[in-house]
Amino acid sequence: MLELRGVSKTYRNGGQPVEVLHGISLTATPGTVTAFLGRSGCGKTTLLNLAGAMDFPTSGDVLIDGRSTRTLSESDLTTLRRRRVGFVFQFFQLLPTLTVLENVELPLLLAHAPQAAETARDRLRWVDLEDKRSSLPYQLSGGQMQRVAIARALVHSPGLLIADEPTGNLDTASGDQVLSLLRESATRFGATVLMATHSAEAAAIADVRVSLRDGRIQSIVGP
Amino acid sequence: MKLLRTLILRPLRRDLLRTALTILSVALGVAVVVAIDLSGDAATGSFRSSMETLAGKIDLEILANGGIDERVIGRLTALPFDARFSPIVETQAVLEGVGAVPLYGVDLAGAPENAIVPSRTLAERLHLAPGAPLTALIDGRPWNFQVGRLAEAGSAEFLAIDIAAAQQALGRYGKLDRIDVTVSPGEDFARVEQAVRATLPPAYLVEKPGARSDENQRMLRAFRWNLRVLSYISLVVGAFLIYNTISVSVVRRRAEIGILRALGAGRATVLALFLAEALLFGIVGAAIGVALGRLLAGATVRLIAETVNALYTTSRPAPITLTWSEASIGVVTGALVAFASALAPAREAMSVAPTEAMSRGAHEHHARLRWRRGLAWSAVIAVLALAASQAAPLDGYPLGGYAAALLSIAATAMAAPAVVLAVNRATRAIVRRRVVGLLAGRSLTASLSRTSVVVGALSTAIAMMASVGIMVGSFRETVTQWLDVQLRADLYVRPSMPASAGAYPPLAAQVPAILASIPGVAAVDVFHGLEFHYRGERATLGAGDLDIVRRYGRLRFLPGTDRDAVLRSLPGRDRAIVSEPFANRHGIRTGDRLTIPLGGRNVTLAVAGIYYEYSSSQGYVIVDRSTLLRYLPGQPATNAAVYLAPGADAAGVQRQIQLRTSGYGVAVAPNSELRRNAIAVFDRTFAITWALEAVAIVVAMLGAANSLLALVLDRRRELGLLRYLGASAGQVRGMILTEAAFLGVLAALLGLALGFALSLLLVFVVNKQSFGWTIQFHPPGELLAGALLLVWSVTVLAGLYPARVASRLNPMDVIHEE
C-alpha cells in the first residue's frame, strides 16, 4: 500500500529553487497498476523516486505500508528497498558484467537472502528466459533485457514495483510482452505497480491513470 | 588547438584529482632519476686533486706502485729541458671539528719547518689567519703547525705542509707518492715525455693529468650504472600509469571520437590529440620532477658519498649543480617516456571508426578475447629474456642482464590479462559466496585491459622490491658467512685514522713487535696493503704472513682448490692468490701469470688460486710478506690481526695493546666490532637502494588509487543501480575495497614471480658481470612476506578514497545520466 499526502519537491538549479512536484496526494493499492502520464519534465520520474524511497519530499509525506519515508534512517531505507521495492528502468540497467541469472539474483544476494539462485531461476522461467540464464546482457535483445529487468525487480517479491518508461526503448511486440508481465505482477504477485509512460498502449493496461502537468495532478481516471 | 582544449584539457580540469595523481607519478619518477644523477655527479665528480687547482697546469704525473724513490727527482731535474718537477706526498689529516681533510706534502720553498698552508675555504671555515696555530692529527698522532699563507684553490678544502715534514710525520723517508711535471710552452712536449720515461725505472707510470680521475670514474662506473638503472624503476612504473591514464581517456571518449571522426576529423588528428595529452602529463610532471630531484639530491649525495668512501676511494662530495642541460634532459626524458607509453592507446583511439560509439562493455569484451595473444607474446618475450641473460658483458656493462630484466617485465605485463582471468576463474567459487566479492571480481575482469595495466604497474614495483630484497638479502647473508671465515683473528689493530677505501696509512714500525710481546698473544699476522695500478684500473696489493693465515684462517677458495697446498706454496716465492672480483675483472685464471709494476721493477707472479672476497669490486692480489718486502723493502705494515692463545682474556689483551701502543696512534677493535662495522657499511650502502624502491612503490600506489578512482567514475551508473537494487553504502564501499584487495593479491602474485626471476638476473648476471663476485642465493623469506603484506595493505588503503567516492554517489543523478 502506497500513499502520497500533499507531496511537493523542490530542487535548486543554479541557486534558484525549481518546484518539480506540487501538492501530490494519491493512494495506490496492492494488485493494481497506476500509470503516470505527461510530457517530459512534468515530474513523473521524481514522483517515482519519491515513491520508491530513493528521495525525500520537500514537504508532505510518502507512506509505504503506513510508514512515512521521512522517519526512516539510511539503513532503514536500504532495508526497505531490499524487501519492499523493485525498479524497472527505460534503459534496462542490467549490470553488463553479470550473467542474466546473476543479474536477477542480485537483489537477493545484496539482501543476503537464502536460495537466491533457485528463486532467480523461478522468475526467469516466468519471463520465459531461463534458457538465457548464462548469457551476458549484451547478447540479448532489448525486449529480452527488459524482461530480465522485470524478473530482477520481482525476484524478492516486493510489495511495490516501480517502472519508469518500461516500454520507451522497445518495439511494439516486445513492449506488449513487457506490459503483460507488469500487469501479471499486479494480478499474480499482488504488487502495487507504479508506471511512468508516454505511451497510450502502456496506459491502457493500468487500473488508474494519473495525468501530470507541470508537477501537479491534472486528472485521475480509474476506480 | 581548440579541439585539444575542449576534448582533452577540459576533462582533465574536471578530473583534477586524477590529473594531479598522474602528474605526481611522473614527477616522482623523474625526480628520482634526476636526484640520483645529480648526487652521483656530486659524490663522485670531485676526484680532481685539489693540488691541480693549486698548482695550475700540470702536463704529466709520475706514479709508482709502492711509492716513488725520491732520488729520481735529482735525475729528472738534471734533464736538459725547461720543465718543473714537483714532488708530492699525499695523505689525510684529521682536524678537530672538521674531520678528515686531504693533506699534501709539497715543496714549500723558504717556509719555516712547521708552516702549514690551508686552502682559503678551509681557513675561512676554521677562522684561521696567517700566524695562527693549528694542530692536525697525522697518522693518529698530533702535530703542531703555524698557518703560513692561504692557498687560493676555489672551493677545495685541503692542507699543505713541507714535503720533509710530511715524510717525517708519515715515516715515509725517501718516498714520494707522485711527481707533477709542468713543461714550458717552448719545449717539444713529446721529446720531454720520452726523456722522462727513459730516466725513470720501467715500472714507473707516466700519465696525463686527469688519468687518475678517469680511473676513478671507471672504477665507479658499475656502481653508478646500477644505481642509475635502479633509479629508472619509478619511471618505468610511471610509464605504466601514463599508459593507463591515456587508455582510460580513450575508452571514456570513444563516443566522442566516433562523433569527431563522423564530423570529418582525420585519424592523425585523433592520434595527435591523445599524444598531446600524454605529452602534457610528461612535460608538466617532469618539470616538477626536476625541481623535486634537485631537492632530493641534497639528501642522497651524503649516502652515495659514504658508499664511495667506504667501498671505492676517498672522495669529498662536491656541491650539487643543476645545469640547464641536465634540467632539459630530465624534462625531455619525462616527455619521451609519456609519449612512448601513450603510443599504443593513442593508436587505438585513431582506429575508432566514425560509426563506432561502442559501449565499454563491448570494447572490454574484445580485450578479453585478446588475452590468449598476450600470453603467446609473453612466452616469446620470456624466451628472448632467457637468451639475453646468457649474453657476455659489453665493455664491462651487463647490458644483456638489463635487457633480460626489461624483457621479463614486458613478458609479465603481457601475461597479466591471462593471470587476472585465471585467478578470477580459480577464485570464482569462493568470491561468489559474498556478493561484494562477486561484483568486484566481475568488475575487474570486465575492465580487463585497465585492470591488467594496474596489475602490471603494481607488480613491476613489487617485483623490483622483491628482487632487490632477495639480492640484498642474499648478498648480506653471503657477506655475513664470508665474514665468519675471513675474520678469524681475535683482535685487529690499525692506525687510528678515519677508514676509507683505497687509503692505507702506515702502522708505526714498532707496533708488530709490541703486539707479539704481549702475554696471551699466540700469533700476529702483519698485513701490508697498498693501492696499485693494473691495466688502467686500480686494485689492492696485499701481503701477509700466509703461514699464519693457513694455520688460523679459513680463507675460502673457488671450488677445486686445495687451500692448504695453495697457501703453503706462497711464502718466499713469486706466487699470488687473487680475489674473485679481480680475477673476473681481468679474466685471470689459476695458473696464469700476472705482471705487476712494483717499485722500480715489473714483477711476474704466478696465480696460485682464486679466493672469495666481498669487500672490494676492484679486487685484491695477495702475496706473502716475504715476497713483497723483497721488492719493496721498508714498505710499512698497514694493519695487524692478533690471534690469542687458547684461554687468553681478550679484553685484557686489548687493554694491554692499547696501553703499550698509546704513543703510536693505533686503534684496536675486537672481532665482533669489526664484523658489526662491516655489516653497518653494507647496510648503509644499500640504504639508497631501499629508498629508491620505496619511491617506486609510492608511484605504484598512486597508480592504484588513480585507477580505482577511474573505475569508480566509469561505473557510476552501475554503482547507482546497485543502490536502487538494495545495496547499502557499506556494500558499495566494500566492493571497491575488495577490488583493491584483489588488485593487490594479483599484483603480489605476479610481482613475486617476476621478482624471483629478476633476482636471479641481479644475483647471477648483473652483479657478477658488474662487480665480479658470486653471491649465494638466500631469499629473505620473512622480509619478503612482511614487505608483500605491507604493499598489499597499502593497496587496500589506496582504495579508501575511491571507495568513499563510490559510496557517496547520488544514485538518482547517475542512473538517469543516459
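**Exercise 1. The side of chain B that touches chain A**

Task: For this predicted model, state how many residues of chain B are in contact with chain A, and which elements and residue classes make up that side of chain B.

Solution: 
1. Start with the count: 19 residues of chain B are in contact with 22 residues of chain A.
2. Next, list the elements of chain B that give two or more residues to this side: helix H14 (360–369), helix H17 (435–446), helix H27 (716–724) and helix H31 (811–815).
3. H17(B) provides the largest share, 4 residues.
4. Sorted by class, the side of chain B that touches chain A has 10 nonpolar, 6 polar and 3 charged residues.

**Exercise 2. Confidence**

Task: Find which elements of chain B have the lowest and the highest mean pLDDT, and where the pLDDT is below 50.

Solution: 
1. For the model, ipTM is 0.88 and pTM is 0.74.
2. Chain B has a mean pLDDT of 82, with 92% of its residues at 70 or more.
3. Among the elements of chain B, the highest mean, 94, belongs to strand S15 (residues 575–579), and the lowest, 49, to H14(B).
4. The pLDDT is below 50 over residues 357–365 of chain B. Beyond near neighbours in sequence, this stretch still has 16 contacts in the model.

**Exercise 3. Domains 2 and 4 of chain B**

Task: Describe how domain 2 of chain B meets domain 4 of chain B, in residues and elements.

Solution: 
1. Chain B is divided into domain 1 (1–48 + 217–358), domain 2 (50–209), domain 3 (359–484 + 678–818) and domain 4 (497–664).
2. Between the C-alpha centres of domain 2 and domain 4 of chain B the distance is 29 Å.
3. In contact are 19 residues of domain 2 and 20 residues of domain 4 of chain B.
4. On the domain 2 side, strand S3 (83–95) and strand S4 (99–106) of chain B each supply at least two residues. The largest share, 3 residues, is that of S3(B).
5. The classes on this side of domain 2 are 10 nonpolar, 7 polar and 2 charged residues.

**Exercise 4. A helix pair in chain B**

Task: Classify the packing of helix H18 (residues 448–486) of chain B against helix H28 (residues 729–771) of chain B.

Solution: 
1. The two helices pack at an angle of about 45°, and their axes are 6 Å apart.
2. Angles under 35 degrees count as roughly parallel and 65 to 115 as roughly perpendicular; H18(B) is therefore oblique to H28(B).
3. The crossing of H18(B) and H28(B) is right-handed.
4. Their contact has 18 nonpolar, 7 polar and no charged residues.

Terms used: Residues are numbered from 1 along each chain as its sequence is written. Chains are lettered from A and ligands numbered from 1 in the order in which they are written. This is a predicted model: local features need pLDDT of at least 70, side-chain atom pairs count only at pLDDT 80 or more; totals for chains, interfaces and linings use all residues. Domain bounds come from an automatic or database domain assignment. Two residues are in contact if their C-beta atoms, placed from the backbone, lie within 7 Å. Ala, Val, Leu, Ile, Met, Phe, Trp, Tyr, Cys and Pro count as nonpolar, Asp, Glu, Lys and Arg as charged, and the others, Gly among them, as polar. pLDDT is the predictor's confidence in each residue, from 0 to 100. Axes are lines fitted to C-alpha atoms, for helices over the stretch in contact, and angles run from 0 to 180 degrees between N-to-C directions. Angles under 35 degrees count as roughly parallel, over 145 as roughly antiparallel, 65 to 115 as roughly perpendicular and the rest as oblique. A crossing is left-handed if the near helix is turned anticlockwise from the far one by less than a right angle, and right-handed if clockwise.
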